[in-house]
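Trainee: Could you go through this structure with me, please? I would like to ask things as they come up.

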Amino acid sequence: MSRKPNFKELLSLDRDKSFSAKEKETLSKLLASDNALAEEQEEFNLSLNFLKDAAYDEEEIKVDDTFNGRVIRRFRVEQRNRSWSSMLPAVVGAVTAAVGLIAIIQVVSAPVTESTLDLQNQKAELETSEFPVIPEFTE
Amino acid sequence: MVGQNTALSRAEAAAEELTWVTRIRRGDEVAMNLVVTKHRQRLIRVAANVLRDRHEAEDVAQEAFLKAFREIGKLRDDKAFSGYLYRICVRLCMDKLRSRKPTSEIIEKGDGTTGAKVETRILVERLLTKLTPELRMTLVLREMEQLSYDEVAEVMNVPVGTVRSRLHAARERFRHIWLEATQEAM
């Protein structure tokens, strides 16, 4: 069972015309019996009518001729930026693959050189000498 | 007869908008232009009522159209486009309100030359800054936009009971601060 609305809630319901007959009767009795409450009701309605008077009417809203154009232009720019953003991963992937392919082709087609290292002798030297031996490159 | 004609023209307008929305889904800019022309005043008006700044209201209205077009895929029922657009606008207004820094309010007296309506608006703007964004939005949608409780609930994506309690709190708070302001002005 819902609780009974208090006086201030009744004022709100009265303004919205969403009263039950019983609530309307309760409010009428309260207002008739108490001048302070009647004054509060008047303040309540005055303040809200003051607010309502400050509302803009549609007729006084004058829209600039360029408004529509600005909306459409911005939408167009957004769409373009969005399609670039969605293409970006594919573009980056394609560029990476192309760079990798070029690198492989360059490695595969590089000329073979005949320089060799005499590793065995150099290894023996390393084991016996006190000082590090710099290996010699023979061509 | 007049009533019938009005109903017919409303139905025709609704059918026309339905075809525009279908075209917008395909990226048709001509259809977008028609929709903007039809709804721009309403969106700017609601944003102006909430934000109390005409320039900001135009910016928000633009953002609302862009978001609506960008996210048209989320709209399940094309017939509900108008409500979908309005909701986007209201939510963008809420974001703006939440991102605003609190300012110290000074109640300025009108100098008598600006007109009563302008003075009223200046004072209302000051008073509304004293409400939280949620209370402010609920109050504006009900009192200025004249939406029903159900409509406010749908737009703000809250239960009707929440709208009721917020509206009650907002009205009481507004009465209190309005009294303070009018008594100070005397």
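Trainee: Which backbone oxygen lies 3.2 Å from a polar atom of the side chain of Arg121(B)?

Mentor: That is the backbone oxygen of Ala54(A), and the pair is a polar contact, meaning N or O atoms within 3.5 Å, where within protein one must be able to donate a hydrogen and the other to accept it, and residues adjacent in sequence count only if both atoms are side-chain atoms. Please keep in mind that this is a predicted model, in which local features need pLDDT of at least 70 and side-chain atom pairs count only at pLDDT 80 or more, while totals for chains, interfaces and linings use all residues. Residues are numbered from 1 along each chain as its sequence is written, chains are lettered from A and ligands numbered from 1 in the order in which they are written, and side-chain values use heavy atoms, with hydrogens and water left out.

Trainee: Which side chain does the side chain of Arg121(B) make a polar contact with?

Mentor: The partner is the side chain of Glu60(A), at 2.8 Å.

Trainee: And is Arg121(B) buried or exposed?

Mentor: Arg121(B) counts as buried because its relative accessibility is 14%, where buried means under 20% relative accessible area, exposed over 50% and partly exposed in between, with a 1.4 Å probe and protein chains only.

Trainee: How many residues does each chain give to the contact?

Mentor: Chain B gives 43 residues and chain A gives 37 residues, contact being heavy atoms within 4.5 Å.

Trainee: What about salt bridges, how many does the rule find across the interface of chain B and chain A?

Mentor: The rule finds 11 of them there, a salt bridge being a side-chain nitrogen of Lys or Arg within 4 Å of a carboxyl oxygen of Asp or Glu. One of the salt bridges joins Glu58(B) to Arg70(A), with the closest N and O atoms 3.8 Å apart.

Trainee: Which helix gives the most to the side of chain B that touches chain A?

Mentor: H2(B) does, with 12 residues, where helices are DSSP runs (H or I, at least four residues; strands are E, at least two) numbered from the N terminus.

Trainee: Changing topic, why is helix H1 of chain A largely enclosed by the rest of the structure?

Mentor: Helix H1 of chain A, residues 7-16, is largely enclosed because 9 of its 10 residues are buried, including Phe7(A), Leu10(A) and Asp14(A). Just after H1(A), Lys17(A) takes a positive phi of about 55°.
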